Amino acid sequence: MRLELVKIMDSDLDALMEFIAAKKSGASFGEAVYEKLPPILSKHLAYFESDHEKDFYLLGLIPAIGSIIHNTHFTYRGGKRQHANLNVIIGAPAASNKSIIMLVNHLFDTIEEGDDSFRIPGDISSAGLNKILHSQDGKGCLIESEIDTLAGSIENQQFGDFSDVLRKGYENETISKFRATEETPLIVENPRFSMVLSGTPEQVKRLIPNYENGLFSRFFFYNLEGVNTWQDWNPEEKQVDNMDELKSDLAFLGNALYKLQGKPSYMIHSLKAAKLVNHVAREWAKIYSHDIGLRPSLFRGVTMALKIATSLSFLRRLTPVGFSEDNTIHTDDLVAALMMVSVSLANASQQINIARSNSIPYKLRMFYDLLPKKREFASSEAISLSQEHMDLQRRMTYIHLNDLVGLGMVKTPKKGVWYCT
């Protein structure tokens, strides 16, 4: 069957396109995502009141599930084998309840009653990570609520070494290390570990100071820009730190998922799924066409969505009567995954703009801050603003505008017209 003949439900496509167009940096996933998740996750989300708390939980749980179903894979472009492991960074202000991600550690409680271990500590060196991955056959999950714990470890060693391990781990490519002080090379044939980190925006910059580093595009970014409303406290309501029922559910779920890993499992993406992915990827390319720096994140955004959908559909196969043999990626799971990655791309774009603004000269940054945002403006308006506030000559205004175009911070759709990206 030819790909173009595979029909996508209009409702699926319309809802997805509307979501992608509306989501900006700092937005939550919202009901559009929650209503498409497997029923077991809907039950879990009921423990949390605010959308951002639900998002924190999902972004901790999905990568952890991906690490447990380490024998499950799908193929992408040229038959490349991919696993469901995922890297996530949650950037949020202090006291915004980011520690919710640590609840997800209870997913491993019953698994670790045996000999296997999945937890990877946040305070770890590159060599230590290699040894753990070697001993655990490339699998594991690092969940850390304070990015500084990992960032501090990295700063005390060669960043390139650590970045190399994380990049190859995400791509499931062989990690090979040998040092003169060691007797034999250390080789991890099929790394497929997940990583979930949370911290303040400043901590995020400390971990990945340069968006041009290949590590940037291998992370899912979630930003919470501020929690401005007080949530009333009631001592009789369920508290996040005392969710015994949820912790028990997580331990049971982790054990159930682990027992299903006795043999490799292959998840299938249909032609319908491929058409949906292609359509969304083209839309992403249009939205971010002005930003060359985001291009690697766009390409890897597709694999992120497929990784997320793989975990969700594997979870959906757990039914009250047993484990379903249907190994096709469910449309709802793929749509939810594409929506989630659309939020990540909006956040990654903002992260890049922040990195750019922090690296440009002070006067150029001052000039950029003067320019109108969220609308087009004429050269004459930019000249007037720069003369009034910075005493710049007409020629220097044009030089600054063209410098900003080169940095991807300003775009000019036609001569004499500009807008800030």
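Predicted model: local features only at pLDDT ≥ 70, side-chain atom pairs only at ≥ 80, totals over all residues.
Eight aromatic pairs are present in the structure. In one of them, the ring centres of F118 and Y258 lie 5.8 Å apart and the ring planes meet at 85°, so the pair is classed as edge-to-face, the class for planes over 60 degrees apart. F118 has a relative accessible area of 0% and is buried, while Y258, at 25% relative accessibility, counts as partly exposed. Elsewhere among the aromatic residues, F29, F56, F220 and Y222 are linked into a cluster by ring pairs.

The ring of F118 also has a charge over it, for the charged end of K139 sits 5.6 Å from the centre of that ring. A further placement of this kind involves Y170, over the face of which K307 lies at 4.7 Å from the ring centre.

Helix α10 (residues 271-287) comprises 17 residues and reaches 25 Å from its first C-alpha to its last, which is close to the 24 Å expected at 1.5 Å a residue. Its buried residues are A273, L276, V277, V280 and W284. Viewed down the axis of α10, these buried residues fall within an arc of 100°, and they therefore line one face of the helix. On the other side of α10, R282 and K286 are exposed.

Conventions: Residues numbered from 1 in each chain as written. Heavy atoms only, no water. Phe/Tyr/Trp six-rings, centres within 6.5 Å; stacked < 30°, edge-to-face > 60°. Buried < 20%, exposed > 50% of the residue type's maximum accessible area, 1.4 Å probe, protein only. Lys NZ or Arg CZ within 6 Å of the ring centre and 35° of its normal. Helix = DSSP H or I, 4+ residues; strand = E, 2+ residues; numbered from the N terminus. Expected span 1.5 Å × (residues − 1). Arc of directions from axis to C-beta.
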